[in-house]
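Hi,

Here is the structure I promised to pass on to you. Have a look at it first, and then read on for what turned up in it.

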Amino acid sequence: MPKTFHTYIIDDDPVFIFGLKFLLNMENFAQQIKTFPNGEEAIAELQKNEKLPEIIFLDLNMPVMDGWEFLDWFVLQEKLAPIAIYVTSSSIDPRDLDRVKKYGSKIRGYHHKPLRKEQIDNIRKQVEE
Amino acid sequence: MRSPLYQLIQKSEACFDFAQNHGYDGIILLNSITNEIWANARLADVLGYKEDIPPAILNRINKTHLEKKHQDIDILSKSGKSIAFKVSTFQQDTFQILGLQQKTKNIDQIDQRILAIRSLLTSAKLAFWEWNIQTGEVYLSPFWAQELGYRMEELQPFSVSTWSELAHPDDAKKCERLLQEHFDGHSLIYESEARMRHRNGRLIWVYDQGKVVSWKDDQPEWMIGFHQQISERKNQEEVLKTFIRQFPAAVAMTNKSLDILSYTQEWLEEFHAGQELSVSKIAESIPHIPAITEGIERIINNEIPIFEEIIREENSFQDNWREWKITPWYDQQHIGGVIIQVSNLNKLKKLELEKLQYFQYMAMICANLPVAMIACDTRGRLTLYNDTAREWFHLNESAEIGEPQFIDHIQLNELSGDQIFTDHPLRKLLRNEELKNRQFTIQNDQYKRTLKADGIQLFNELGEIIGVAMTLYDMSDSIATENQLRLSEQTFKNSFKKAPIGMALVDLDGSWMRVNSKICKILGYSKEELLKTNFQQITHPDDLDSDLYLLNEVKLGKRKSYELEKRYIHKTGKIVSVILSVSVVRDPQKNPLFYISQLTDISSLKASSEALKNVLEITQKQNDRLHNFAHIVSHNLRSHTGNISMLLDLLLSQYDQLRQEEIPQMLLTASKQLNETISHLNEVATLHDTNEDELESLGLSSVIEKELHNINAYIKETKIKIENKVAPDVKVLVIPAYLESIIFNFVTNAIKYRSFDKAPKLSFRSKYINSFVMLEIQDNGLGIDLEKHGHKLFGMYKTFHKHKEARGIGLFITKNQIEAMGGKIEVESTPNIGTTFKIFLKHA
């Protein structure tokens, strides 16, 4: 029985959330999935100091607080360091990729939408290591 | 009243002699009984009277003062100066005859003096002659003629041939030789004995003696001598003694033993305070001066021909300056003794020293003035000039040095350029014509000067003209300035009138002083209307303050001028935009006088620039919209297509049997193609021109290696042989992602369009060309028919191969990426041979 992960999805696109959830469940990836429509709500949840997620799928373009702002806050939180963040964006602008790289190892991966089964398998392998 | 002098002279030879010898500056006759007094015309002349001397002047001569034998008197000349005379007196019957000799002489009286000496020599019954060797002018005294039995008139006119015709031909030749020896300096005195034909037909032996007394141009000029029948030579010494006695200078004559034989009255006065001579030896008569003693001795010993020196005797209370001239005299052919002539130079020396100081002072002042000063004497010889004159006219270092220079050295031209000769201002001055404020020019290789000349006559203390002086003031500079001013005024007037821009002179209060027609046109007012207003009234209210502020700065001298874009109100009420330039004109005291304003109408310019601005804005907006559109397409649309393809995947994984259906299949293909199209659109939309500082320096070779590594599997599969010959140290300025994409594109293109007839090859080479690195990418693939497809090679969605993978987007993107980094791309291709791309990238 493979390990399942406590997972957050921060994204404003309900279709993508539906699809990703469907995929994760299909692959039996997640133990629990929480979704947030923007960075601000995710931060509010993370600050509640309850059970922290092991993996966050983070979109970049969102209303209220976008993925960049969330990342700026996140990298400063020492106790959140164990969380593996995967940026999922429909942007294929190389400048976005460069910008993500600047956050270094705190971001485990950058995936263009849509995510596919193979990518989910890769993520699972990475996190298990 | 007729002078009785003539009768007296007729009656007494002694009286005649006296008049001859002592009266060469005038004779006064006094009747000691009647106290009647007469003066001769010569005296009147000397005193400067054209008519008789006024009786009042003559009556001042007190006869009681005249009883002494020698006496000085002063007589007032017409010009009011006192002239000193030495008086000699002679008593004849009841008449006292006064012979007057002027005490001070000057250069200009030399001629008179020559005449006087000539008459003196004549009266000494010397048979003397004067000969100007250069001009041939000859004067023979009456006694010269008499020696040969002639009367003077019989021999006139005198010439050299007067002598040569009378001389024996054999002796004449000998005499000519002796003369030449004398001229050549071989003999101190010309001496000859020659036979001459007496009027009575007999040949007589005549002793001739003469000496060159003046030289001109290194050639002998005047020669003076006398002759006598040799039989009468013994008389000569007596004659000479008489001559010496009467010589009007301090002269003494000695024999070889240095006993004084004869002396003049002046000698007594010079050395014996006018007292009778109480000593017999010359050495006792004169002060003890070793140089003189030695000089006399050497002359006696015939060691030197003449002793001539100016000697200063230092004295407890006054230095004595005397000029000594010692010559031998000859008895037969032998030295008979010496003649000593002394001139007292004390006064002269004192004067000279004073003059010298004054002169030096003046010379210092004159030397550096840009004014030429030139003086000449009455004969036209330049006597004085300053450095400026010397430089302008190329004169000698000084007037005293070198060849004499005359008026003609001062070459002046009329303003017309004609050279001046007889009308030379110096000559005119000498002719008593005025010289005031006349203009001349001088011209040489380097410059032309315009000179202003003023002149004066120079007089001696007697009021006689001794020369003239002229100053020349260089006006060239001031004339040039004047011309320039005139020119610039003219230019200004012309440019003002015809200027294609509005010009105006504006008073300090802002009112228009002068306006040209263009400014009237710009503002819509007539000249007359405009002159009644000021600029404040017709300036747009919003622009007035800035204009007034700048104007004030110019007025205060804080800035020289200003330029301002401002608006005026046209007469019709419309707004006129102009560029206004304002500068200020000041008087020499730097006070502002008025402003010069220049107006350039930019209303039409303004309108077209507005239109341009609008176009630009519209374009900008459209461009922005386009950008937004691209962004929406590439980003927002992509998230939707992403979702579609994801949902399709999920749907198909849930309902596996749908995969066999045709519609889901087509839907899948459409979704995939939509994704791809959007991906390309995104690449195009994100292309943008980059700034220099966005570029990074990368090693070209390592980027190539990295890309090759990324598609290593693909390369192996297609067996394409790839050579990277780019040197490791070649660095280029690029956006890394662009360069990676470019390399990737070319490698995949080369693989896609490889030829299947031959082993595929691809090579990378680099080369520096100016500020670029040229990357050459060469393959041996299918090639492209550039004649057919060249123009659309880099177009969007163009494909040139009927190839399943051709998408037609790669080269478009590549070209745009290269250009975005400031580079360019060139292509060479031949179908079935291969293609070479040359990519120019900025090198680091």
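Predicted model: local features only at pLDDT ≥ 70, side-chain atom pairs only at ≥ 80, totals over all residues.

Of the contacts in chain B with a separation of 6 or more, 49% join residues 24 or more positions apart. The chain has 27 helices and 34 strands, and 25% of its 844 residues are buried.

One pair of positions shows how far-off parts of the sequence can meet. B:Pro305 and B:Ile189 are 116 residues apart along the chain, but their C-alpha atoms are separated by 9.2 Å. You'll find B:Pro305 in the loop between helix 13 (290-300) and strand 15 (307-313) of chain B.

Next, go to helix 23 of chain B, which covers residues 700-710. Its buried residues are B:Leu700, B:Ile704 and B:Glu707. If you look down the helix axis, these fall within an arc of 65°, so they line one face of helix 23. What do they pack against? The list includes strand 28 (696-699), strand 29 (721-724), strand 30 (731-734) and helix 25 (736-752) of chain B. Strand 31 (761-769) and strand 32 (772-779) of chain B are on it too.

Helix 25 of chain B has another partner, helix 27 (residues 810-820) of chain B. Two packed helices are described by the angle between their axes and the distance between the axes. For helix 25 and helix 27 of chain B, the axes come within 10 Å and cross at roughly 145°. The crossing is left-handed. On the helix 25 side, the contact is made by B:Tyr738, B:Ser741, B:Ile742, B:Asn745 and B:Asn749. Helix 27 of chain B brings B:Gly810, B:Thr814, B:Gln817, B:Ile818 and B:Ala820. By class, the residues of this contact are 4 nonpolar, 6 polar and no charged.

Now for chain A. UniProt, in an unreviewed entry, lists A:Asp59 for "modified residue: 4-aspartylphosphate". Where does A:Asp59 sit? It is in the loop between strand 3 (55-58) and helix 3 (67-74) of chain A. A:Asp59 counts as buried because it has 26 C-beta neighbours inside 10 Å. Leaving out residues up to four places away in sequence, A:Asp59 touches A:Ile10, A:Asp11, A:Asp12, A:Gly67, A:Thr88 and A:Ser89.

A:Gly67 comes up again in helix 3 of chain A, where A:Gly67, A:Phe70, A:Leu71 and A:Phe74 are buried. They cover an arc of only 100° around the axis, so they are on the same side of helix 3. What covers them includes strand 1 (5-10), helix 2 (39-46), strand 3 and strand 4 (84-89) of chain A.

Last, the place where the chains meet. The contact takes 14 residues from chain B and 14 residues from chain A. On the chain B side, helix 21 (603-654) and helix 22 (662-686) are the elements that give two or more residues. Helix 21 of chain B has the largest share of that side, with 10 residues. The side of chain B that touches chain A has 4 nonpolar, 8 polar and 2 charged residues.

Happy browsing!

Note on methods: Residues numbered from 1 in each chain as written. Chains lettered and ligands numbered in written order. Buried ≥ 20, exposed ≤ 12 C-beta atoms within 10 Å, placed from the backbone. Helix = DSSP H or I, 4+ residues; strand = E, 2+ residues; numbered from the N terminus. Arc of directions from axis to C-beta. Contact = placed C-beta atoms within 7 Å. Axes fitted to C-alpha atoms, helices over the stretch in contact; angles between N-to-C directions. Left-handed = near helix turned anticlockwise from the far one by under 90°. Nonpolar A, V, L, I, M, F, W, Y, C, P; charged D, E, K, R; others polar. UniProt positions renumbered as here; feature names shortened; annotations may be inferred.
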